[in-house]
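I set out to record what can be read from this model, entry by entry. The entries follow the order in which I looked things up.

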Amino acid sequence: MTAVHGANPLRDAADRRLPRIAGPSGLVIFGVTGDLSRKKLMPAVYDLANRGLLPPGFALIGFARREWQDEDFAQEVHDAVKQHARTPFREEVWQQLIQGMRFVQGNFDDDDAFEQLKDTIQELDEAQGTGGNFAFYLSVPPKFFPQVVQQLKKHELADAPEGAWRRAVIEKPFGHDLKSAKELNAIVHEVFAPDQVFRIDHYLGKETVQNILALRFANQMFEPIWNRSYVDHVQITMAEDIGIGGRAGYYDGIGAARDVIQNHLLQLMALTAMEEPASFDADALVAEKAKVLGAVRLPKDLSKDTVRGQYSAGWQGGEKAVGYLQEEGIDPKSKTDTYAAIKLGVDNRRWAGVPFYLRTGKRLGRRVTEIAVVFQRAPHSPFDHTATEELGQNAIVIRVQPDEGITVRFGSKVPGTSMEIRDVSMDFAYGESFTESSPEAYERLILDVLLGDANLFPRTEEVELSWNILDPIEQHWDENGTPAQYQAGTWGPVEADEMLARDGRSWRRP
Amino acid sequence: MKIDLTDTTASKINKALVQGRRAIGSPAVGMVLTLVIVTDEENAYDALRAASEASREHPSRTLVVIKRVSRSPRDRTSSRLDAEVRVGADAGTGETVILRLYGEVLNHAQSVVLPLLLPDAPVVAWWPVNAPLDPAKDPLGALAQRRVTDTYAAEQPIHELTARAEAYSPGDTDLSWTRITPWRSMLAAALDQVACEVTGAQVEGEEFNPSVELLAMWLAERLGVPVKRTLSPGPGLTGVRMETNCGPIVLDRADGSLATLSIQGQPNRAVALKRRETPELIAEELRRLDPDDTYAAALRFGVDRLGEPVVPEPSVDARDEESPGSGSGPSRGSAAEGGASGEDDASGKGGAPGGGDASAKGDASGKGDASGKDGGNTSGTAKKAAAKAPAKKAAPK
């Protein structure tokens, strides 16, 4: 925070009970009537307040087209909070929050509205003591980014007064290829300096994802085997059981790989594969992540080692599901992928020769995100073949969601007089026991934005490196063939299974 | 599920635990600590409920040690251990064993508890009432890394605080200290916002609430300035005022839930500062199991160095205005007292100016406390406070 912070006699590093409270500040949400804002952002703000992590006088400004008064907005937030917040509703917390709630009505091209926003911010600085510190959350489709950002610049909202800060928060997608990502970055960075821009990848706010670093670098027993000498391959899966829902307009033409692999899965891969950072600060982390993303090598034959698919009609979890091409608003000839599986290598000493299989898809068996580090078989087994017939490969599985936790799979003797060894799993149920009080990803990320802590936000270079990895694959898909079909409710197209079978491996059933 | 064992032993209880776990088909146990609650029958229910709520955040094995009173000499010589084993849905997210000790085994409770501790996991002992004066030397306390007492529940809380300070060993902690975490964090946050030097402070709260003393001692220890205590009807803590060289910082909570933070030169702000229930306190307590050095430092500052608590004059609503005269030890209080302690004080602070203030305040806010705080909103009051500041600083010199 500020220099004053260090001088505060009530602060003491040894005093671990005192939480990190954001300094005086406010949050401006553009597109406040949207789903994300209602289901995630507003409840997260309330939960933060409820945990006592927001500064007194925190301000929340909604900006949208709808003709609302401050009270209507407050009512909307109230409903959203009651419905979606994780912590119980408490009147006094609400009373604290409501005093700083404002609504500004307008279009993004409306100069008056932005002037009004500016006035509102000034008014809040006086009434609530927000000290000119404001974060602008752009919860709007990317096509509006340039306009909003330019408006912020035009009305001098992006320039922080002396001693204050202004920050911009943007959501994925960060472009749809390297070129558009660069354009977007240029637009945003023209107004906000790189360290003022916070890109939200909500996966990075999840406790389990942060726990990857704790697991790897706070422990002694995992890191020694976390390399090519012991690891056979790594599978990173993010499966959804839902279809595209009402997002046809956004989804068609983007597809699973751009929607998920580019950001979430490559981030998970970076965290799994990176070297130990020199420290846990943002620069050191980004340096290591960028290094490993830069070392990613694409397969030689893209048609063999990448697979894309589209779900066809089928039954998903007891419900009949239409195929992707039959979804409302989708071009029946669309080549958009709803499933993507790719094999990547990492060219460094630790990982040479170890494939990373990344897959994601909609309408798969169930909703699950996990990282499975699969180990090689024991080099020699004193047990005879029949004894170990049922023994698979050892694995450490980090379950990102749901049911957050870590599973270790290893062989164990089946009780009985004969020697028979079978896989068992040892489970650490991180989620089951801790979720109730652990903060939601958005809570953590919003708090970090207000604190200016950039640890959990991908930087420009990471975004560009990720596109660098994905662009050739997308290009290859564009030019060759059509997506494979897979029945809704299954674990993807057979082509994906064949892709692993060629390497003598198979997908884990997550 | 629930298994009742009468006249039993620790090893039978262990067997029942395994059996219970098997019966409900729950696999590996992910419990992170053993919580030993030492209590009497009256307080067992509430304590256990708090623990099982806290166990959602900290899956644990909870051992409730209930010492039964023996009412006849025969009872005292015989000895019996009854146990109730709860696993699964009946026990929050962990396992619970309720141990009832009769007769001689009362004095050897540790022999029952020791075999039931989770391997390798930390042990926390909690006495909701009747905590031993030296928890670390208590046979059960000696098994624990962390010993949680609650002076709030004591007959003579302030007296007990002093005893705790003398007996302190690393790992001791007290729920009256846990209760003030939100206050401490809000006060720290308030100081983050200004670059001022604190010259004095005042803590106001109900009588027989050791949180008042702990907060005052913490402030005194961290800030190195005199800190006063003032009594109020409560509930709990009702206010803290820090005098700084750029005006007072006041955190005022009259109703036990919503507080007002006023900082010189900044608008008043509402702050949710609800009094927390025991489960939340226990959950916070279990979050960190290393010794709490800040608590130790605050506790060791010593209640006697704070001076006697001040009872505000009932007729004049003067506590906001006058008592933070702080700094000046004996001189504070009524004008007559001020006069007795020295000419400087009397002329600088007591007498006319004090009376003037009190009446001004009375005019402005006839409704008493609450409206007085609201009155702080108006710039008039702020200016008044600013005008008073120099006078106050002059007093101690």
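Entry 1, contacts in chain B. The model is a predicted one. On that basis I looked up the contacts in chain B with a separation of 6 or more and found that residues 24 or more positions apart account for 72% of them. I also noted that chain B has 397 residues, of which 47% count as buried. Its secondary structure comprises 15 helices and 14 strands.

Entry 2, confidence in chain A. I checked pLDDT and found an average of 88 for chain A, with 97% of the residues scoring at least 70. Residues 1–6 of chain A stay under 50, and the model has seven contacts for them beyond four places in sequence. Where pLDDT is low, the predicted coordinates should not be read in detail.

Opposite B:Val38 I found B:Val65 in β3(B).

Entry 4, the six-stranded sheet of chain B. I read the order as β10-β9-β11-β12-β13-β14, again an open sheet with mixed pairing. Its edge strands, β10 (227–231) and β14 (269–272) of chain B, each pair on one side only. In chain B, β11 (residues 237–244) and β12 (residues 249–252) pair in the antiparallel sense over four bridges, and B:Met242 stands opposite B:Ile249 in β12(B). I then located helix α8 (residues 210–223) of chain B, which lies across β9 (198–205), β10 and β11 of chain B and runs at about 175° to β9(B).

Which elements of chain A give two or more residues to the side that touches chain B? I first noted that 40 residues of chain A are in contact with 34 residues of chain B. The elements are α1 (3–7), α4 (91–98), α5 (111–127), β17 (421–428) and α13 (430–434) of chain A. α4(A) gives the most, with four residues. I recorded this side of chain A as 18 nonpolar, 12 polar and 10 charged residues. Lastly, I found α4(A) lying across β13 (258–263) and β14 of chain B, at about 150° to β14(B).

Terms used: Residues numbered from 1 in each chain as written. Chains lettered and ligands numbered in written order. Predicted model: local features only at pLDDT ≥ 70, side-chain atom pairs only at ≥ 80, totals over all residues. pLDDT = per-residue confidence, 0-100. Nonpolar A, V, L, I, M, F, W, Y, C, P; charged D, E, K, R; others polar. Pairing = 2+ DSSP bridges. Buried ≥ 20, exposed ≤ 12 C-beta atoms within 10 Å, placed from the backbone. Axes fitted to C-alpha atoms, helices over the stretch in contact; angles between N-to-C directions.
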